[in-house]
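Me: Could you walk me through this model, one packing question at a time?

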Amino acid sequence: MIDDFLAGDLTDVEEAVRAAAAAEILPRYRQLTADEIIEKSGPHDLVTTADRLAEEHLTASLTRLLPGSVVVGEEAVHADPKVYEALGGDAPVWIVDPVDGTRQFVRGEPGFCTLVALAHHGELLASWTYAAALDEMAVAVRGRGAVLNGAPIRSGSPAPGAVLKVAMSHPDYTTDAQKHALRGLFIDGVDARPCGSAGLEYLAVARGDQDAVAFSWEFAWDHAAGLLLVTEAGGFQATLSGAPFRIIGGNDLPFTAARDRETAERILAALRTGG
């Protein structure tokens with residue numbers, strides 16, 4: 001079932017992502033009212049009406065495109081944490097973050113995106129990263145490369161001796177051990193900054209505009225689409241132990257995704273050293 005689906009025309013998925021954004025996200029961009037913004041765990045963890053309705057829209061359209069599939073979405077898991085267990089199940093799984101970069105969306109900034117990935121038995125198979133306000137759609141299919149607005153993209157490698165540009169988890173939202181690891185990035189040769197939308201940070205790595213990311217949390221909806229995108233663009237990803245990141249969890253954090261293996265290994269060495 002899943003092989004036949006991947007061998008077919010996947011533009012229907014791209015159209016479903018665009019349709020959800022057109023129906024539920026873009027009409028609320030810079031038009032949100034106070035009652036459409038809700039705090040979840042705190043003032044930095046927001047959800048809007050656009051998040052909820054876009055996820056509902058995608059859940060209906062994606063499962064219709066692939067009968068027998070299920071959806072693990074950020075808002076559904078917030079309502080029922082057991083939904084997350086589907087990542088380890090037998091059904092194909094759509095991993096959905098309806099609005100990645102909700103704080104930017106709430107502020108009326110264009111740095112947000114919709115993330116969709118398709119996985120089966122823990123293996124990432126395809127992904128879609130759609131920055132609706134920027135009209136950028138990045139698509140990756142396992143073994144078939146990555147494209148941005150239909151044109152192939154490659155991560156390439158940093159210029160020899162260049163300072164590495166790295167987006168990392170904000171230290172305010174990390175454990176003491178993770179803070180220690182992330183401080184390892186504040187060294188000569190690395191320009192580290194707190195990340196914005198994770199999905200757009202991954203896209204920047206995949207297109208060669210940024211050298212790496214270093215993240216300390218592992219929610220699949222934030223990382224699945226971007227990790228496949230970077231990998232299919234020629235990049236490399238690994239956790240602190242050196243093992244690949246697993247979408248089902250249990251990773252040795254922090255982890256990195258980078259333009260090439262050498263860059264990833266430099267970032268991991270810095271994280272292991274700490275500061």
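Here are some questions and answers on cysteines, sheets and helices.

Me: Happy to start with the ground rules: what kind of model is this, and how are residues numbered?

Reply: This is a predicted model, in which local features need pLDDT of at least 70 and side-chain atom pairs count only at pLDDT 80 or more, while totals for chains, interfaces and linings use all residues. Side-chain values use heavy atoms, with hydrogens and water left out, and residues are numbered from 1 along each chain as its sequence is written.

Me: How many disulfides does a search of the whole structure find?

Reply: A disulfide is a pair of cysteine sulfur atoms within 2.5 Å. The closest cysteine sulfur to that of C113 belongs to C195 and is 11 Å away, too far for a bond. The search of the whole structure therefore comes back with a count of 0.

Me: Is C113 buried or exposed?

Reply: Buried means under 20% relative accessible area, exposed over 50%, and partly exposed in between (1.4 Å probe, protein chains only). C113 has 1% relative accessibility, so this cysteine counts as buried.

Me: How many residues of strand β5 are buried?

Reply: Strands here are DSSP runs of E with at least two residues, and helices are runs of H or I with at least four, numbered from the N terminus. In a regular strand the side chains alternate between the two faces of the sheet. In β5, C113, L115, A117 and A119 lie on one side and T114, V116, L118 and H120 on the other, all of them buried. For β5 (residues 113-120), the count is 8 of 8.

Me: Which residue in β6 is the bridge partner of T114?

Reply: Two strands pair if DSSP finds at least two bridges between them. β5 pairs with β6 (residues 123-131) in the antiparallel sense over 7 bridges. In β6, the partner of T114 is Y130.

Me: Which residue takes a positive phi in the hairpin of β5 and β6?

Reply: This hairpin has 2 residues between its strands. The phi in question is near 50°, and the residue that takes it is H121.

Me: Which strands stand at the edges of the open sheet of 5 strands?

Reply: The order of this open sheet is β11-β10-β12-β14-β13, with mixed pairing. An edge strand here has a single partner, so one side of it is left without a neighbour in the sheet. The two edge strands are β11 (190-194) and β13 (236-239).

Me: Are α2 and α3 roughly parallel or roughly antiparallel?

Reply: Axes are lines fitted to C-alpha atoms, for helices over the stretch in contact (heavy atoms within 4.5 Å), and angles run from 0 to 180 degrees between N-to-C directions. Helix α2 (residues 11-25) and helix α3 (residues 49-65) pack at about 155°, with axes 9 Å apart. Angles under 35 degrees count as roughly parallel, over 145 as roughly antiparallel, 65 to 115 as roughly perpendicular and the rest as oblique. That makes the pair roughly antiparallel.

Me: Which residues does L62 touch, not counting those up to four places away in sequence?

Reply: L62 sits in helix α3 and is buried, with a relative accessible area of 0%. L62 and W94 are 32 residues apart in sequence, yet their C-alpha atoms are 7.4 Å apart in space. With that sequence exclusion, L62 touches V13, A16, S69, W94, V96 and V116.
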